[in-house]
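Please keep the sequence and the structure in view while reading.

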Amino acid sequence: MTNTSHFAVIRRDMPDRPTLQADVCVVGAGMSGVTCATLLGRHGRTVVLVDACPWVGGQAVGVPIGTIGGLFSCGPDSYLLTTIFATELLEELDQRDAVFYQRSRRARTVNVVYDDVELMRIFERKLRHAGVRMILGGVLAAVEREGRLIRKVRLETRFGPCDVEARAFVDTSGDAALTWLAGLSCRTAIFPIFGTQIVIVEGVNYDHVREPHEVQWEAERLLNERGRDYGLTREKGVIFPLPSRKMAVLNVTHLATPLDPVAFWEAAAPARDEGEQAFQLLAKEYPAAFGQARIRSMGHPGIRQTRSIVGRYMLTAEDVVAGTRFEDAVARVAWPIELHDTASGYRWEPFPDGHVHYVPLRSLIHNEADNLIAAGRCVDADPYALSSIRVMGPCIAMGAAAAEAVDLFLNGIPSLHEVPPTAVQERVRPNLEGQMEWPTEVATRPRASELA
Ligand SMILES: Cc1cc2nc3c(=O)[nH]c(=O)nc-3n(C[C@H](O)[C@H](O)[C@H](O)COP(=O)(O)OP(=O)(O)OC[C@H]3O[C@@H](n4cnc5c(N)ncnc54)[C@H](O)[C@@H]3O)c2cc1C
């Protein structure tokens, strides 16, 4: 029966190491990397987007975070702070009934709860239409640098190794992985900052309440009052409802996130157990909402803050609190300082109505390189300032600013340091000046405790 024309015997006789050539290599396909790569692709640049994970969307999809924070201003008349790329995401999520706007009384702004699978598909389509070439499951193994210029990144994938040579590099890895492997200076907090094992629950019943928020408030009350009985270490856990999908996002655990291959997963294991225990608490103590629910997913343990680049300027907590408007401001933020620096809780400092703070272009550009820029949660900021600007709204804004700076650089400017900030600002002006209203249909019903 064996027909030798149906198979071939093959053997690896020489290592293949393909090298891709691109204008730009973006390392990290999270919110900031997807934004940056898509906009550069739309500018006609050849872009290779690399991620160690086999999905597009970074933590927004793979954890999944479940809520876009920091897109809206503070106060009752919130407007969109970041519109570039963000409005198209919101529109497409809305078309798929995969979004829920939630006015957060804690954050004093509007949060955007989304379906992670829909967001991933939206990202994939946008990247493809922009002509971005993707290498997923591609772990950065080494970086070749000549003085102030990064030349090449070397990747390992399940299909073999691969290199990318480019004229400019964008570090959107969240952990400054590109910068670190290039041997350039990085910054890190000298105290632990905790991540979270998120749990996505489906089959949640929202029909027994007038407003979905009532489920959220009751669930948060139960977790805070009974959490210890169920072995939870974190207090003040938060829940985000997505009623159109009968889903809820449980953000109720804390875990250390050391950048070490063994220690990372050892720290993650107890938090994964606690995530399941938190769900069991809700199923048992709040059966009207969670009695028929199930855990839909527990993704990659969420990492809040680890390593940053050493940029031309370190954004400080003082800048954030003062709302300093830098001459080279390229992104606008109103999200609270949200530092998860203890196992049981976190610092939370919201801002008054109308407050905005800014990210300068200098915090994105590495001080020691001419063709390296960062965006997202590894830009240069002290731990307090970073805790405010690392949420996804500002990640979109920083990704857009990085794309424009790189596009200008590729027009023939010798160093990213010489890109005129005013030229970047001109291109991202809606993110700095606009006050776009956005229909959110948010409920603002006070908590039962606040009525007392
Ligand atoms: C538990 C938790 C809850 C949060 N809650 C919210 C919230 O409610 N709202 C909100 O807006 N924000 C929230 N945040 C913050 C927000 O999720 C992140 O800061 C944001 O998603 C960061 O986006 P990013 O693009 O900078 O990086 P990431 O999304 O982290 O993407 C970085 C990508 O780089 C890749 N990468 C890293 N190293 C390498 C390497 N060596 N080789 C190849 N690829 C690599 C990673 O695989 C990853 O996909 C939360 C964060 C956590 C952890």
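This is a predicted model: local features need pLDDT of at least 70, side-chain atom pairs count only at pLDDT 80 or more; totals for chains, interfaces and linings use all residues.

**Backbone geometry**
- Phe85, although not a glycine, has a positive phi of about 70°, and this residue is buried, with a relative accessible area of 2%.
- Arg108, in the loop between β4 and β5, is likewise not a glycine and takes a positive phi of about 60°, but at 28% relative accessibility Arg108 counts as partly exposed.
- Val63 and Pro64 are joined by a cis peptide bond with an omega of about -25°, and Pro64 is located in the loop that runs between α2 (58-62) and β3 (67-68).
- Most residues other than glycine have a negative phi, and most peptide bonds are trans.

**Helix α3**
- Because seven of the 10 residues of helix α3 (residues 86-95) are buried, this helix is largely enclosed by the rest of the structure.
- The buried residues, among them Glu88, Leu89 and Glu92, pack against α1 (31-42), β4 (99-104), β5 (109-114), α4 (116-129) and α11.
- Just after α3, Asp97 takes a positive phi of about 55°.

**Nonpolar cores**
- The largest nonpolar core has 92 residues, of which Met31, Leu71, Leu119, Phe123, Ile373 and Val406 touch the most other members, and its largest share, 14 residues, comes from helix α11 (residues 392-410).
- Leaving aside residues up to four places away in sequence, Met31 touches residues including Leu89, Leu119, Phe123 and Ile396.
- A second, separate core of 23 residues includes Val201, Val204, Ala219 and Leu232.

Terms used:
Residues are numbered from 1 along each chain as its sequence is written. Side-chain values use heavy atoms; hydrogens and water are left out. A nonpolar core is a set of buried Ala, Val, Leu, Ile, Met, Phe, Trp, Tyr and Cys residues joined through side-chain atoms within 4.5 Å. Buried means under 20% relative accessible area, exposed over 50%, partly exposed in between (1.4 Å probe, protein chains only). Helices (H or I, at least four residues) and strands (E, at least two) are DSSP runs, numbered from the N terminus. Contact means heavy atoms within 4.5 Å.
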